[in-house]
Amino acid sequence: MSESTNNLWQATPLIYSSRLSEITGSSVYLKLENLHPSYSFKYRGVSHFIKKAKEEHGCSVHLVIASGGNAGLAAACAARSFGLKCSVFIPEGASKSTLELLKQERAEVIVGGRQYSDALKGATEMVAKEPNAVMVPAYDNPVLWEGHSSMVQEISKQLQQEPDAIFCSVGGGGLLGGIIVGCKAVGWDHVPIVALETIGSDCFYKSMALNGGRFNSEKKNLPPGINLVYNQEHSVYLAHFTSFSSRASGSLGASEPSAAVVKMALERAGGVKTVSLPDELSMQALASFANDHKTLVELACSTTLVPAYHPALFDRLVLPNAKREGGRRVVVFVVCGGFKMDLQTAAEYQRMADEHPRGRGESWTVKYDDGELFTFEK
C-alpha cells in the first residue's frame, strides 16, 4: 500500500522503447500497467472504489462484481488486501486458469450466462438480496475513473513534457474515462487520445459514430446483432452488442460502452480518435511485443500497440510536431495488461498471424475514425 496516499497501487514505470521508437520514427514511451498485483490497470480504479466502500460501510461490507475476468481479479486482490468478502460473477466460457486465479485470491466465483450482461444481472440480484452487499462497477463509474486517472498524473511527472498523443485500448470505456479525467487534471485536455479495439467487439467505435455529427449519426445503420440504444441521462446513442466475434471480446467485449465516457470523448478539446482492427493485427502485435520487450500481454492490450508496429497507420493517427526538431513526435502507449494470456495461447496467435497471407500486394485494412477503411501494406 502506498504510504503517501493509502492507495493499494504503486506508481508503475514509464519506459522508453528504443525498438518502437525506431519503427515509428518517434519517441515512444510505454506505461507499464501490467505490473499491478492483478496484472492490469483495473487495479487502480477498482481498489480505489473498494477503499471508499470500506470507509463508508465498514469491514462487514460484501463486495460483488460482474466481470469477464480482469476487473474481477482486481476486486478479489483488493478485497483480500482489505480483508473483505468478495463475490465475482463471470460469464460462461471462462478458462479453468481464470477461475483458479480468482479463487486463489479467496473470492467466491459464480459462473453463469453467455455474456457480461448476464453476469451483471446475477450480481445485481445478489446485491438486492443482501443488506451488506455493494456492487463494484467494472468500468462505468466516476470513482473508477478517478482511480484510473492516477496513471496520467504519474505520466506527467515521469515524462516531463506534453505528449503528442496517448494510445489506449477501449471496450466499455473505463480506461479511457480515467485517461480523459487524468488529462483534464494535468492540463492535457487538448492532447489527442487514440482508442483502439477489435472488429467484432467494437462497441465504442460504433457508439461514437452514432453521435456528434460523426459518420453514422444521421442514418444510424447498425448490422444484425447490434441494437441501437438511447441514453437519456447523457443524451447519446449507443451500440448494444448481443454477441461478439472477436477473440479479444473476453476483455474488450462490453455489451455497450459507458454513456458518460462516450459523452466525455465527444466533448473533449483534444478529441478521441477511434480505430477498429482485425484480430490478426492484434495477434501479430502481441507476438512482436513479447519478442521485443519480453513481456506477455492480453490480446486486448496488444491491440493498443498495433500502430507502433505499422508506421503507415501511426503516421495517419499522429501528425508531425512542428514545434520539435524534425517534427519528431512524443507518444505514450498504455500497456494496460491483463492476466488472460499464457505461452500456449501466445504461440497459437503467433501461428495464426504468420499464416495470414503476406507478400507483394498484400495489405491490412482497419476501420478508421471517420468511417473510412484505411488500408496499408503488410
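How much space lies in the second largest pocket? The points below take that up first, then strands, rings and loops.

1. The second largest pocket holds about 480 Å³ of space. The model is predicted, with local features needing pLDDT of at least 70 and side-chain atom pairs counting only at pLDDT 80 or more, while totals for chains, interfaces and linings use all residues. Residues are numbered from 1 along each chain as its sequence is written, and side-chain values use heavy atoms, with hydrogens and water left out.

2. On the pocket terms: on a 1 Å grid over the protein atoms alone, a pocket is an open set of points where a 1.4 Å probe fits, with protein on both sides within 12 Å along at least five of seven lines, and a lining residue has an atom within 4 Å of a point. Grid points are joined across faces, edges and corners, and the volume is the space filled by probe spheres set on the points. The second largest pocket is lined by 25 residues, of which Tyr116, Leu120, Tyr139, Asp140 and Glu256 are the closest to its centre. At least two lining residues come from each of helix 5 (116-129), helix 6 (142-148), strand 10 (236-241) and helix 11 (259-267). Helix 5 gives the largest share, three residues. Helices (H or I, at least four residues) and strands (E, at least two) are DSSP runs, numbered from the N terminus.

3. Strand 8 (residues 193-198) has six of its six residues buried, so it is largely enclosed by the rest of the structure. Buried means under 20% relative accessible area, exposed over 50%, and partly exposed in between (1.4 Å probe, protein chains only). In a regular strand the side chains alternate between the two faces of the sheet. In strand 8 both faces are covered, with Ile193, Ala195 and Glu197 buried on one side and Val194, Leu196 and Thr198 buried on the other.

4. The whole structure contains eight aromatic pairs. The rings of Phe, Tyr and Trp (its six-membered ring) pair if their centres lie within 6.5 Å, and planes under 30 degrees apart count as stacked, over 60 as edge-to-face and the rest as tilted. One of the pairs is stacked: phenylalanine 167 and phenylalanine 333, at 4.2 Å centre to centre with 15° between the planes. Phenylalanine 167 belongs to strand 7 (residues 165-169) and phenylalanine 333 to strand 12 (residues 330-335), so this pair ties together parts 166 residues apart in sequence. Phenylalanine 167 is buried at a relative accessible area of 0%, and phenylalanine 333 is buried at 0%. Phe167, Phe314 and Phe333 make up one aromatic cluster.

5. Phenylalanine 241 and phenylalanine 244 are also stacked, at 5.8 Å centre to centre and 15° between the planes. Phenylalanine 241 is buried at 3% relative accessibility, whereas phenylalanine 244 is partly exposed at 24%.

6. Two lysines sit over rings, the criterion being NZ of Lys or CZ of Arg within 6 Å of the ring centre and within 35 degrees of the ring normal. The charged end of lysine 220 is 4.4 Å from the ring centre of tyrosine 237. Lysine 378 lies over the face of tryptophan 364, at 4.4 Å from the ring centre.

7. Tryptophan 364 is on the covered face of strand 13 (residues 363-367) with Val366, while Ser363, Thr365 and Lys367 are on the uncovered face. Strand 13 runs antiparallel to strand 14 (residues 373-377), joined by five bridges, and phenylalanine 376 in strand 14 is the bridge partner of tryptophan 364. Their hairpin has five residues between the strands, and glycine 371 takes a positive phi near 90° there.

8. Positive phi also occurs at tyrosine 39, near 75°. Tyrosine 39 is in the loop between strand 2 (27-32) and helix 2 (42-57) and is partly exposed at 40%. Lysine 294 has a positive phi near 55°, in the loop between helix 12 (279-293) and helix 13 (299-309), and is exposed at 69% relative accessibility.

Definitions and conventions: Two strands pair if DSSP finds at least two bridges between them.
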